[in-house]
Amino acid sequence: GGRRDLVGKHLLISTGSTREFLDPVRFIGNPASGKMGMALAQAALHRGATVTLVHGPMEESLKARLGGIQTVSITTAEEMHRAMLTNLPQADWIVMAAAVADVKPATQAATKLAKADLPQSLPLAQVPDIVADLSQKRSPHQRLIGFAAQTGDIIPPALDKLQRKGLDAIVANPIDVAGSGFGGDRNQAVLLTQAGDKLPIPPCTKLEMAHQIWDALLKAGF
Ligand code: C5P
């Protein structure tokens with residue numbers, strides 16, 4: 001039973017980390033588990049939405065809980081970029097919950113580098129800013145929501161990203177507070193919208209947070 005208030009909506013959600021390889025065995029990555037985007041997908045499915053989840057590497061035990069959700073598994077930021085663009089046309093709401101690597105090694109070796117051949121320093125290149133590109137390419141009716149994982153004062157950098165990346169809303173969440181952020185089952189955040197709404201979401205499970213985010217976006221008229 002419960003709320004079926006997302007019936008008819010198609011949600012495109014990204015989650016997890018990306019990996020940017022230096023050679024076949026070494027990469028730049030981050031600790032994102034994919035749990036927040038997975039909770040968003042599960043909550044949306046429960047409320048009647050059609051959900052496509054583009055995810056980076058995730059634990060097998062988590063992937064086993066993705067029944068009913070169309071999944072696209074990717075590894076690099078460029079693969080996530082392509083998968084999001086491919087699935088963009090059908091989406092009503094797009095949520096970038098993924099912790100995308102911001103940089104990649106400037107060159108990738110096709111075979112494993114011997115320890116003696118590893119460089120002393122690592123030249124980096126940019127990866128695409130996926131959410132900024134989605135913001136450019138979306139249709140006016142499509143709503144775009146970002147995440148901002150921050151340390152310290154989470155609000156100012158999130159407001160900056162909301163404007164700079166052309167988002168309709170952003171979820172700012174601290175990653176330097178116990179029981180919040182990467183990997184765990186709990187989180188806390190502040191939801192900021194382009195219209196100026198500012199909704200604090202106190203510490204709760206990621207599934208509870210997902211439902212609060214959908215409640216707030218519906219209430220805001222998304
Ligand atoms: O990394 P940053 O804090 O700037 O991320 C803010 C938002 O931008 C998040 O929604 C994230 O998924 C998105 N992002 C992206 N492509 C990147 C980096 C971040 O879409 N290369």
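A residue is called buried if 20 or more other C-beta atoms lie within 10 Å of its own, exposed if 12 or fewer, and partly exposed in between, with C-beta atoms placed from the backbone. The model is predicted: local features need pLDDT of at least 70, side-chain atom pairs count only at pLDDT 80 or more, and totals for chains, interfaces and linings use all residues. Residues are numbered from 1 along each chain as its sequence is written.

**View 1. Helix α1 and its cover.** Of the 12 residues of α1, 10 are buried. Among them are Met 36, Met 38, Leu 40 and Gln 42. Helices (H or I, at least four residues) and strands (E, at least two) are DSSP runs, numbered from the N terminus. The cover over the buried residues of α1 includes β1 (10-15), β4 (50-55), α2 (60-63), β6 (93-96), β11 and α6. Contact here means C-beta atoms, placed from the backbone, within 7 Å. From first C-alpha to last, α1 reaches 16 Å, close to the 16 Å expected at 1.5 Å a residue. The expected span is 1.5 Å times one less than the number of residues. Just after α1, Gly 48 has a positive phi of about 100°.

**View 2. Helix α6.** Residues 206-219 form α6, which reaches 20 Å from its first C-alpha to its last, close to the 20 Å expected. Its buried residues include His 211, Ile 213, Trp 214 and Leu 217. Among the elements covering them are α1 (35-46), β10, β11 and β12 (198-205).

**View 3. Strand β10 and its partners.** In β10 (residues 169-174), 5 of the 6 residues are buried. Two strands pair if DSSP finds at least two bridges between them. β9 and β10 run parallel, joined by 6 bridges. Phe 147 has Val 171 of β10 as its bridge partner. From β9 the chain passes through helix α5 (residues 155-164) to β10, a right-handed β-α-β crossover. Right-handed means that, with the strands pointing away from the viewer, the path from the first strand over the helix to the second runs clockwise. β11 (residues 186-193) pairs with β10 in the antiparallel sense over 4 bridges. Ile 170 stands opposite Leu 192 in β11.

**View 4. The ligand shell.** Of the 14 residues around the ligand, Met 96, Val 100, Ile 130, Val 131 and Gly 146 come nearest. α4 (130-137) and β9 (143-150) each give two or more residues to the shell. β9 gives the most, with 4 residues. A residue is near if its C-beta atom, placed from the backbone, lies within 6 Å.

Key. Contact = placed C-beta atoms within 7 Å.
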